[in-house]
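Please look over the sequence and the model before reading on.

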Amino acid sequence: MCHDADARPPFPAPHRSAEPLVLESADGTRFAATLATPERVTGAGVVVLPDLLGLRGFYVDLARALADRGHPALAIDYYGRTDGVNRNRPADFPIMPHLAGLTRDGELADVEAAIARLRAAGCARTATLGF
């Protein structure tokens with residue numbers, strides 16, 4: 001399910017803030033991510049995998065909502081491999097050419113970097129949520 005650029009999840013606005021980060025995969029690719037941390041960790045860390053439109057407000061809010069519930073959450077951007085660290089893509093961003101540049105190995109490397117970042121923050125357990 002792809003959401004409009006201004007869409008928000010269907011629950012009350014989250015309370016936790018989120019920190020923009022730049023992560024680096026084992027192959028040297030840098031990509032944008034956003035980390036939301038709870039006041040007190042009571043659950044597993046979560047890597048939030050956005051839909052094909054990439055890292056937008058909907059998924060940042062989702063990470064913040066998970067943090068409200070005790071889960072450190074890190075939403076990642078798929079397009080660091082094809083568009084660099086870019087947090088301000090226009091609503092008409094041409095997705096298809098960028099999707100063609102993504103590979104399973106590249107995506108897995110990015111998820112592994114996100115998991116490593118959550119583990120460095122003290123998460124013994126991690127999960128993924130999304131697409």
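Which residues of helix 1 are buried? In this predicted model, they are G57, F58, Y59, V60, D61, L62, A63, R64, A65, L66 and A67.

**Helix 1**

With 11 of its 12 residues buried, helix 1 is mostly covered. The cover over these buried residues includes strand 2 (30–36), strand 3, strand 4 (73–76) and strand 5 (126–130). From its first C-alpha to its last, helix 1 reaches 16 Å, close to the 16 Å expected at 1.5 Å a residue. After helix 1 comes G70, which has a positive phi, near 95 degrees.

Is D51 buried or exposed? D51 counts as buried because its relative accessibility is 3%, and the cut-off for buried is under 20%.

The side chain of D51 takes part in the following pairs, one with a backbone atom and one with a side chain of helix 1.

| From | To | Distance |
|---|---|---|
| D51 side chain | L53 backbone nitrogen | 2.9 Å |
| D51 side chain | Y59 side chain | 3.0 Å |

The pair with Y59 is a polar contact, and Y59 is itself among the buried residues of helix 1. D51 may also be placed relative to A7: the two residues are 44 apart along the chain, and their C-alpha atoms are separated by 13 Å.

Notes
Residues are numbered from 1 along each chain as its sequence is written. This is a predicted model: local features need pLDDT of at least 70, side-chain atom pairs count only at pLDDT 80 or more; totals for chains, interfaces and linings use all residues. Side-chain values use heavy atoms; hydrogens and water are left out. Buried means under 20% relative accessible area, exposed over 50%, partly exposed in between (1.4 Å probe, protein chains only). A polar contact is a pair of N or O atoms within 3.5 Å; within protein, one must be able to donate a hydrogen and the other to accept it, and residues adjacent in sequence count only if both atoms are side-chain atoms. Helices (H or I, at least four residues) and strands (E, at least two) are DSSP runs, numbered from the N terminus. The expected span of a helix is 1.5 Å times one less than its number of residues. Contact means heavy atoms within 4.5 Å.
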